[in-house]
Amino acid sequence: MNMAIQWVSFKTIVVKEVRRFMRIWVQTLVPPAITIALYFVIFGSLIGSRIGQMGGYDYMQFVVPGLIMMAVIQNSYGNVVSSFYGTKFQGNIEELLVSPTAEVTILLGYLAGGVLRGLAVGGIVTVLALFFTDLSVESWPITISMVLMTAVVFSIAGFLNAMYANSFDDISIIPTFVLTPMIYLGGVFYSVDLLPDFWAKVSLANPILYMVNGFRYGILGVSDVSLGVSYFMLTLFMLGGFGFAMYLLTRGEKLRS
Amino acid sequence: MSVALEIKGLKKTYADGFQALKGIDLHVRQGDFFALLGPNGAGKSTTLGILTSVVSKSAGSVCIMGHDIDQDFQQAKQCLGVVPQEFNFNQFEKVFDILVTQGGYYGLSRALAKQRAEKYLRKLDLWDKRDTISRTLSGGMKRRLMIARALVHEPQLLVLDEPTAGVDIELRRSMWEFLTEVNDEGTTIILTTHYLEEAESLCRNIAIIDEGQIIENTSMKSLLRKLTREIFIFDTRNALQAPLELPGFTARIMDDNMLEVEIEVGKEQSLNKLFTLFDGAGIEVTSMRNKSNRLEEMFVNLLKPGNIVGYDKPAEDPMVVPNAAASSGAAS
Ligand SMILES: Nc1ncnc2c1ncn2[C@@H]1O[C@H](COP(=O)(O)OP(=O)(O)O)[C@@H](O)[C@H]1O
Ligand SMILES: [Mg+2]
């Protein structure tokens, strides 16, 4: 493999992806910022003051890491699924298939685009959060590694969704019926300690729980689950998802007739 | 001379079980201008799809500039420029960005990609449109955009799938000129077409494909030399009356003043003999013309050996073979 070509090609895909979400910022950056700001106002300020403490912190402080994570998850997923499906739908993916760009470069390029969008919206949301509460970070390395790994995992998930999708319906079904419930039940808004034993155990099967809690640990220093398990789960999903995406790409059934 | 494209035993069965290619061999020399001619559904796009790796093959091998597309896919692809049959660029991007991005996929630095983008947009008369969103271009401009895009990395082999389908005559001619220029500068060109005139005026060598098989693979010259039979139409001053006395010729009276005669060079028939017979029969000819394109007639013969039904119903567009005429509208 000619690494110089692959590197240039990777950068090209990333630049194209970033330009895409910057060009349509009204669709990609503004709506999540508004939604999450509303959560801050409603759950954090209005209702939050009545809730009192959660996990040993003010509700607002507790919910902010969860909401940042929600933004990262939804936007890295959303970026890759719509961009890659759009590319596939327009037949535009042929530009890449015809070129010397390797499959792994295509995948890494799109994932990088998703991660950057996730981080961009996560960053915007974080800045907005500062209007509502003080944020001090307990551990930068944990915070950053958690958010990065989560963005990677959900970029991969978005990619897989796009690979299997045959219509625009297919790329909204999974986010609506799978992703959103998993996020809402993944400890964004509450500590699983509040749940009855049975439901707390069920929640442990939700991978998002580990990501949200790992990230919350990085910022607040508290978590419902152990940090080791969080890293283990993230690594597992990252490698498994990446391997599966590569398998689909190289087998090519989804892209080549 | 070295080989630009070598295809051996190429077969393709699609997922639905349809066998689109039944074992194709092709050999295109470097510097050649090569036509793959065939009616719709013959397997042209499938063949090009395989050599540009957007369609996976079922059997056989493909070598581009000596690089096997399975083993040295990167080198093979680097040598290849592709103009597909369907528009497949990003509809939401600007013309200039599409070309620069394409350059990047082939490893060109951004500066070089921009330089090439300008060069080819100018050559294809699209420089004024560089900041236009591609979706809003006219059909002809979109075709030219795809040609410019295919040339950004200056490939040694350029393949075009029906590049002039749905393009008006004037633009078609200017595209032919442009392609001839590209070929003169040393780029090997392979194009598929069902316009016979296109193959005749552009290409040195030709393969005819039908139902997934190559039925003829030769030089344009020797193909034309094989044309031994032509049909002429004569307009006459005086009214024609059956039966006509034209021994040795197959003739048909079309109406009172129009006569159709088939002339086969191999059978010692000639126009002189025919006119002598006309004189004898007191037929005065005011004008004559070919019934249809010679190549078209031969094409029909090749596709349907021993069957010349095509003569009775000439294609509405004289440049389109009868088989393809019905569906040519769908080609773009
Ligand atoms: N993806 C596909 N699945 C099944 N059959 C296909 C597919 N693509 C093309 N075909 C069939 O294969 C044959 C050859 O198609 P194609 O190569 O596009 O012909 P051409 O380009 O010469 O018009 C046609 O009969 C077509 O219907
Ligand atoms: Mg075709």
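Predicted model: local features only at pLDDT ≥ 70, side-chain atom pairs only at ≥ 80, totals over all residues.
As for who touches whom, 31 residues of chain B are in contact with 26 residues of chain A.

Now for the charged pairs. Which residue does Asp97(B) form a salt bridge with? The partner is Arg19(A), and the closest N and O atoms are 3.4 Å apart. This pair crosses between chains: Asp97(B) sits in helix H3 of chain B, and Arg19(A) sits in helix H1 (residues 3-23) of chain A.

Next, let's look at helices that pack inside each chain. Two packed helices are described by the angle between their axes and the distance between the axes.

| Helix pair | Axis distance | Crossing angle |
|---|---|---|
| H3(A), residues 30-51, and H4(A), residues 59-89 | within 10 Å | roughly 160 degrees |
| H4(A) and H10(A), residues 207-220 | within 9 Å | roughly 130 degrees |
| H3(B), residues 95-105, and H4(B), residues 110-123 | 8 Å | about 130 degrees |

Start with H3(A) and H4(A). Their axes cross at roughly 160 degrees, which makes H3(A) roughly antiparallel to H4(A), because angles over 145 degrees count that way. The crossing of H3(A) and H4(A) is right-handed. On the H3(A) side, the contact residues include Tyr39(A), Phe40(A) and Phe43(A), and on the H4(A) side they include Val64(A), Leu67(A) and Met70(A). How many of the residues in this contact of H3(A) with H4(A) are nonpolar, polar and charged? There are 12 nonpolar, 4 polar and no charged.

H4(A) has another partner, H10(A), and their axes come within 9 Å. With a crossing of roughly 130 degrees, H4(A) and H10(A) are therefore oblique to each other. Their crossing is right-handed. Among the residues that meet here are Phe62(A), Ile68(A) and Met69(A) from H4(A), with Met211(A), Phe215(A) and Arg216(A) among those from H10(A). The residues of this contact of H4(A) with H10(A) split into 11 nonpolar, 2 polar and 1 charged.

Over in chain B, H3(B) and H4(B) pack with their axes 8 Å apart. These two helices are oblique to each other too, and their crossing is right-handed. From H3(B), Val95(B), Phe96(B), Leu99(B), Val100(B) and Gly103(B) take part. They meet residues of H4(B) that include Arg110(B), Lys114(B) and Glu118(B). In this contact of H3(B) with H4(B), the residues divide into 7 nonpolar, 1 polar and 3 charged.

One more thing to spot: H3(B) packs against H4(B) within chain B, and Asp97(B), in that helix H3, also reaches across the chains to Arg19(A) in helix H1 of chain A.

Note on methods. Residues numbered from 1 in each chain as written. Chains lettered and ligands numbered in written order. Heavy atoms only, no water. Axes fitted to C-alpha atoms, helices over the stretch in contact; angles between N-to-C directions. Helix = DSSP H or I, 4+ residues; strand = E, 2+ residues; numbered from the N terminus. Parallel < 35°, antiparallel > 145°, perpendicular 65-115°, else oblique. Left-handed = near helix turned anticlockwise from the far one by under 90°. Contact = heavy atoms within 4.5 Å. Nonpolar A, V, L, I, M, F, W, Y, C, P; charged D, E, K, R; others polar. Salt bridge = Lys/Arg side-chain N within 4 Å of Asp/Glu carboxyl O.
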